[in-house]
Amino acid sequence: MSQSKLISLAEAARRYSWDGMQYASGAALPVGSDAIIFGRELLRQGRRDLHAVFHCNSQQLNLLAAAGVVSKAECGFSALEVFGFANGLRRAVESGQLALEDYSNLAMPLRLLGGALNWPFVPATVNIGSDIQDRSAFAPDEYPAKAKIPAVTDPFTGRQIGAFSVLQPDVAAIHVTLADVSGNSILLGTEWSRVELSRAAKKVVIIADAIVDQGCIRQYPNLVRIPDIIVEAVVHWPFAAWPQSSPGMYDADEDHMKFMNKALATEQGTADYIRDFVTPYQDVDSYLDMIGRDKLAKLSDSSTSFLLDPYRQWILETTP
Amino acid sequence: MSDFTRQEMMAIATGREIRDGELAIFGVGLSMLAGYFAQENHAPNLRTMTEGGVYGATPVGGLPWGIECNRISSNATCFSSAVDALGFLVASGRCDVGVIGAAQVDKFGNVNTTGIWDGEIGPTFRPPKTRLPGAGGANDIACGAKRFIIMVTHEPKRFAEKVTYISSPGYLEGGDARARHGFVGSGPSAIITTLGILRPEAGTNEFILDGWFPFSCIDEIKANTGWALKVSPTAQVIPEPTAAELANLRKVDQTGALRKQ
């Protein structure tokens, strides 16, 4: 049995976050798996001036942007899908407080893949020829932008393509469904770009909805998409993606998704939200009480619950 | 005439563009309903994917909240990834058809989903007055899918001579401008709106009116288009939904997202 990397959420944020860092999360789309609880903890610990690398915006970036602790962000998509515009992020962008550099949903994981491989750049056959290439929020005076997606010549055909810069974020907080105590992780639902992100980031903190016995990992090694050898720490936190969904575990909390986004539309609403849903809990139990036990039961009654069946026997009831 | 909404007509007209057996990618929201309607109605062998990497699934419980929502994750045949869906299967040139939405579209089918500015952006990039969702996977579909369909509510503010910001490329400045960038995809094949259908004119690739829905007319469409819209000599009224089409659409749209006007 390998060494346990299980630590508390507060300890993980203390060790693996700092002001001004390049922080990555949000690698599983705006409604799905994201380590939202880690973002709440960053706020609790007063982190600021973050450079956020989020493949897609999620309620985590929406909250951090609304709270004014993000100065720069790079995203492929910056709303909340059918839940609408991300009001907190939108407010920070429109006011000029946050510089949002736009890419697309393929560009972001390709840049992470390039970072994972330590490539100097990634050839770009998308995002070229559009204003994503020509306009840069990080270099607003350059038009067309020179350093965002510069044109390069394909040495084999002579054709003009683009070059994406690669991403190697300081820390990635990655939400997974199941992990063992050393960080071997199984992701139910789409991976989105969590695999690329886990290899690109300098340090990886796993935020798991449930901890499984290592017997589970040895039974399904081909389903382990993030191996322990690249993981710094594991945090066990049920409903870590709330109010978003975790396939096999719980559905999106539709009421809270809307409530939260409405609150983040204003400075006062954001302050109230932080008072009521970021600062009150002391531990997992009081966090779950805050959401409401009836609500948790309802969210857990998901049409995807059967996805968890093969793994249930391995889930540890008490955290080791 | 049976009872249906303009949004339902738009979704059905979009679905009619999708052929059985094709490899198809759908964005979030109404375009997803149009795609799964096609599969339910006339394209049972459609090979479907969302850009999130959910393959072979159909929505359960209504319009999914996202392309990775549990509503689209309870009967999938594969959970994959963004690089797989948008890269291996779209940027590679393998995907036959994509459906995307638009906040603003212009006469060459360029799409803006990034922001609304007061006037031109100018030489210095500045925050938009209203920030929109960004490109998402639509840029990748617009560059890589063999063809794509733009679904958009027909209003003057959305139909501009020239979009303020190109989030996803259509035919750029028209003609063969796309060739300059060597995109593997050949561009938008149709703009399907709440009033009718526009298609690119051969040669110029300017979008012209190809047909109007039974409840609309050429004059209404021209009045709601922000450029001097040309009308194809073969333009005609588009058949209203059949009873079977409506039933199949509503089977997919369980929560009635398209019935809210």
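Visitor: What share of the contacts in chain A with a separation of 6 or more comes from residues 24 or more positions apart?
Guide: In this predicted model, such pairs make up 75% of those contacts. A pair counts as a contact if the two C-beta atoms lie within 7 Å.

Visitor: How do you know whether the size of chain A agrees with a compact globule?
Guide: A compact globule of 320 residues would have a radius of gyration near 20 Å, and chain A has 19 Å, so the two agree. The C-alpha trace of chain A spans about 60 × 45 × 35 Å along its principal axes.

Visitor: What makes a residue of chain A count as buried, and what percentage does?
Guide: A residue is called buried if 20 or more other C-beta atoms lie within 10 Å of its own. In chain A, 57% of the 320 residues count as buried.

Visitor: Why do strand 14 and strand 15 of chain B count as a pair?
Guide: Pairing needs at least two bridges, and these strands of chain B have 3, so they pair. Their sense is parallel, and L209(B) stands opposite V231(B) of strand 15.

Visitor: What kind of unit do these strands make with helix 5 of chain B?
Guide: Strand 14, helix 5 (residues 218-223) and strand 15 of chain B make a right-handed β-α-β unit.

Visitor: How many residues does each chain give to the contact between chain A and chain B?
Guide: Chain A gives 54 residues and chain B gives 50. Among the elements of chain A that give two or more residues are strand 3 (70-77) and helix 5 (107-116). The side of chain A that touches chain B has 25 nonpolar, 18 polar and 11 charged residues.

Key:
Residues are numbered from 1 along each chain as its sequence is written. Chains are lettered from A and ligands numbered from 1 in the order in which they are written. This is a predicted model: local features need pLDDT of at least 70, side-chain atom pairs count only at pLDDT 80 or more; totals for chains, interfaces and linings use all residues. The radius of gyration is taken over C-alpha atoms; the globule rule is 2.2 Å times the number of residues to the power 0.38. A residue is buried if 20 or more other C-beta atoms lie within 10 Å of its own, exposed if 12 or fewer, and partly exposed in between; C-beta atoms are placed from the backbone. Helices (H or I, at least four residues) and strands (E, at least two) are DSSP runs, numbered from the N terminus. A crossover is right-handed if, with the strands pointing away from the viewer, the path from the first strand over the helix to the second runs clockwise. Ala, Val, Leu, Ile, Met, Phe, Trp, Tyr, Cys and Pro count as nonpolar, Asp, Glu, Lys and Arg as charged, and the others, Gly among them, as polar.
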